[in-house]
Every structure is written in structure tokens, then in C-alpha cells.
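This report describes the overall architecture of one protein and then turns to selected local features.

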Amino acid sequence: MLTSARPMEPASSRSPSSAGASSVEGENRPTICQVLHSLHVGGAEVLAARLARRLHKSFRFLFVCLDQLGTLGEELQAEGFPVEVLKRQPGLDWRSTFRLARLLRRERVALLHTHQYTPFFYAMTARWLGWRIPILFTEHGRHFPDYPRRKRIVANRLLVSCRDRVVAVGQSVRQAVIDNEGIPADRVGVIYNGIDVDAFSKPCLRRDERRREMGVGTNDLVLIQVARLDYLKDHLTALRTVQRVAAHRSDVRLVLIGEGSEREKIEKEVHQRRLTEHVRFLGLRGDVSSLVPAANVFLLTSISEGIPLTLIEAMAAGVPVVSTRVGGVAEVVRDGITGLLTDAGDDEALAKHILLLTADPQLCQRMGHLGRERANALFNEIRMHEDYHRLYGELLSGQSAEVGKVG
């Protein structure tokens, strides 16, 4: 993690009301503009929203979406946070750059916090038009496949200011930024993603009721996968895995939480493989923290990841993890200790891991217990918010943030 000898005091975790987010309380608060692709529900978007809700007493937050508003954007607007949508056009859209530049001047933004590379690029070009403020770039994950792009490396060298800072959500992501973006290692630090550990670590009350809500039986073998329905999450491998497990356990049920562009393709595959009895689609849910503890195993089959919040949530809930070993997954899950990992696309190994866990309740219990301890020690959002609070303060004051210290 980014470190300091004396972390700044975090603000209250209470979400602001519509009046609270825009009230005169802390009228002199510096304005931080968070820039994202959209505010649909996802790891980067959830982190951005929770930062604003947690730290709004110290800083005034507004949001800019390059493309679309999203359901999370609607929630933030209802709470009183200003949210602007640029409706970016395909290609390099200079109109969006000019609109962002005007907004920075109008709102007297003191710091830009960008999430993912494209918002970072648009922030740098908007700043080039005259509003010279520092930029914090948080890289949440990498596109697949990931490789150096010469144009981006040149652009970074020309546009990145000595006042800017880059934060990666894990060590593997940090190394990718260094290798593939050409940003010097001493400018790139790590702040691990964090979650509200307490919300997931509560005892699973009314487990049978939670299972009924998911459409599964009291004694079924329940696998839960919380991920947007996107090709990077490789749900087709999850379906092949379930088909293999079903040959040994006819009561296996895969519960899918999330929405996305791949839903129709996944549903078609479910029917073709005759897995309708074994798969449940729950869509987007606001009660994930009460559903995950009711599962036997948490499954993730991605081909690319940063530091997945859903894996941290599963560990905090005491649920053993079976996952592909991609991106920063191995930084979250200790293979053989808090879960079992294998190569992307290997449905045979994933199925074997699941059957191993179901045959050994004591192993499940031990992995769940150790996972909860690890989530609380490394991935508690209180620590994450303290790190961002301190980094915001250093960037706003012009101090040199200790981004070279990672952990």
C-alpha cells in the first residue's frame, strides 16, 4: 500500500443526503472531479462512489462520465453529487475534451481523479487547454491482451506532469503500468482495493430464506459468481465447470449475479448444454452481502482481472474461493490457504477443485476462516480510504507523495 508515517483522519462513512452532499458544510472544501467511462455498477465505479460518500466532509466531489450515466450515477445524483455526462463519440473526441476543460474552469476543480486509462488521457488533454491542476490516475485492471502501445507511451511522456501520481490496485497492475505505459516506477504506487468487511463478515442469518431467494434448495451445492456478464469474466468456462460437477453432484447450482452484454450468449449456452436446472440468473442485486454467505463456494472464471472486489467480499464472508489465476487474483487469494486457483479456461481443474472442497467440510471451514482474516488485514476499505485521503491532501498541497513505497 501507499504508506505514510501518519495517515490523515478519515471522514465519516455515512452517505450524504441530497442536502448533505451539496450543503455549505465545509464550503471551502477543495473540489475533486472523478472521471470515469460511466457509472454503471463495477469495481472502479463502486470504489469511486464510496470514496465520495466517505470523504465528502473533507472534499467536494463531482463526477464526469465520458460515455453514459449508469444506475450508480443515478444514485449519486439523487444523493446530491453533481454528475456530468460528456456522451463521447467514437475515436478521439475533441468536443469531449473541450467540454471537460470548460467544466474544470467553471467548477474550479482543484484535483482530477481518473479511473482507467482513457479517462486519464482525456483529463490530461483537457488540462493542456489551460486549467493546470494535478491528476491522480487509478488503474483498476488491464485490457486483455496487454502489451506496450507506442503512441500511448509517447503521449504519456508528453502529457504527464511532475505533479501527477499513478496508483495501481495491485502489484501485477502496477508492473503492467510500468512496462506497458512507460511511466517510471517511482511514480507508480499501490493502494489495494478495499471493501466494507463488516458488511460481509456478519453471521449468515436465515440461510434457508436467502437460498429460497436465489432459487436453490437448502442442501444444494451452491456456487455463486458475482461478475458483470462480460467476455472477460468467461462465464462459458463456468458453465462447462458446472456441467462437469453435475456429473458427480446432480444438486449443483450456479447462481449468477450481474448483468451485461453477454447475457443472451450465456443463456443460449445454458440451454444448449441442458443446464437450465443448474443455473440461476439473478441480475443486479443490492443485497449481495446477504447472499454470498449462503453459498458453499465462490467461483470466478475470468481471463483478466485487477484486484477483484468480489473475491475480497467472498473471503470476508468466510466462503472458500475457486478461481482462475489471472491478474491480481493471486494477490488476493492464497492458493491452497484461502482458496484454490488454476489457469484460465481450465474447467476440468476448476471442477476438481470444487469437488475437493465439497468432499472436505473441514477444509472449507478452514479456508473460509483464513480468508476472512486476510480480507480484514489487507483489504479493509477503512485503510484504503485513509490512503486516498492522505494522497489527496498531498496532491492538493503540492507535496511529494510517497508513491514509490508499495505494499
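## Overall architecture

What share of the contacts in the protein with a separation of 6 or more comes from residues 24 or more positions apart? In this predicted model, such residues account for 71% of those contacts.

The protein contains 17 helices and 13 strands. Its radius of gyration is 22 Å, close to the 22 Å that the globule rule gives for 407 residues, so the protein is as compact as a globular protein of that length. The C-alpha trace spans about 65 × 45 × 35 Å along the principal axes.

## Burial, surface and charge

Of the 407 residues in the protein, 55% are buried.

The side chains include 56 positive and 48 negative ones. The centres of these two sets lie 4 Å apart.

An α-helix has 3.6 residues a turn, so residues three or four places apart point the same way.

T125 belongs to helix 5, which covers residues 117–128. Is T125 buried or exposed? T125 has a relative accessible area of 5% and is therefore buried, as this value falls under the 20% cut-off. Residues up to four places away in sequence aside, T125 touches W94, T97 and L159.

Q77 is situated in helix 3 (residues 71–78). With a relative accessible area of 36%, Q77 is partly exposed, because this value lies between the 20% and 50% cut-offs. When neighbours within four places in sequence are left aside, Q77 is in contact with L69 and V83.

How far apart in space are Q77 and M124, C-alpha to C-alpha? The distance between them is 25 Å, with a separation of 47 residues in sequence.

Methods. Residues numbered from 1 in each chain as written. Predicted model: local features only at pLDDT ≥ 70, side-chain atom pairs only at ≥ 80, totals over all residues. Heavy atoms only, no water. Helix = DSSP H or I, 4+ residues; strand = E, 2+ residues; numbered from the N terminus. Rg over C-alpha atoms; globule rule 2.2 N^0.38 Å. Buried < 20%, exposed > 50% of the residue type's maximum accessible area, 1.4 Å probe, protein only. Contact = heavy atoms within 4.5 Å. Lys, Arg positive; Asp, Glu negative; His and termini not counted. Charge placed at Lys NZ, Arg CZ, Asp CG, Glu CD.
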